[in-house]
Amino acid sequence: MQVVLTLMKPLLNKGYCVTLDNYYSSPILTDTLVKYKTDSYGTINLNRKEVPSYVKSKKLKKGETVAFRRGKALILKWKDKKDVSLISTIHNSEMIAVRSS
C-alpha cells in the first residue's frame, strides 16, 4: 500500500484514476485512495482482508456474477473460462453481452 501511495503522492487529490494489478489492489488501499479523491480499478486477489466471504466462496456458472459494494468500492467476481475478480471505484456491476463476429 505504501508503494502505491508514495508513487501517487504528486497526483493525489487531483481526480486521477490509477490502475492496479492483483498484487497491490485491496479494499483498504481503495478506501484510502478515495479519501484522496483518486479513483482506482484492477484485478484483485480474493484472499485479501476485507473481501466478503460470500464473494470468495460463491461458486459461479459461466456468465454468472456476484458483486459487493461498500461505499464507492465495488468488488465483482464473474465466471468466464475461470473466475475473474475486479475491484473498482468507477464501474458498476452491470454486465453487457457482446457478440463477436
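Select residues 2–97. Over this span the chain is 22% helix and 29% strand, with the end C-alpha atoms 38 Å apart. Helices (H or I, at least four residues) and strands (E, at least two) are DSSP runs numbered from the N terminus. UniProt lists residues 2–97 in an unreviewed entry as "domain: PiggyBac transposable element-derived protein". UniProt positions follow the numbering used here, feature names are shortened, and annotations may be inferred rather than shown by experiment.

This is a predicted model: local features need pLDDT of at least 70, side-chain atom pairs count only at pLDDT 80 or more, and totals for chains, interfaces and linings use all residues. Residues are numbered from 1 along each chain as its sequence is written, and side-chain values use heavy atoms, with hydrogens and water left out.

Next, select helix α2, residues 27–35. Which of its residues are buried? They are Pro27, Leu29, Thr30, Thr32 and Leu33. Buried means under 20% relative accessible area, with exposed over 50% and partly exposed in between (1.4 Å probe, protein chains only). These buried residues pack against α1 (2–8), β1 (17–20), β2, β3 (65–70), β4 and β5. Contact means heavy atoms within 4.5 Å.

Step just past α2 to lysine 37. Its phi is positive, about 55°.

Now show β4 (residues 73–79) with β5. They run antiparallel, joined by six bridges. Two strands pair if DSSP finds at least two bridges between them. Three residues separate β4 and β5 in a hairpin. Pick lysine 79: its bridge partner in β5 is aspartate 83.

Finish with β2 (residues 39–43). It pairs with β5 (residues 83–88) in the antiparallel sense, over three bridges. Find tyrosine 41; opposite it in β5 stands serine 88.
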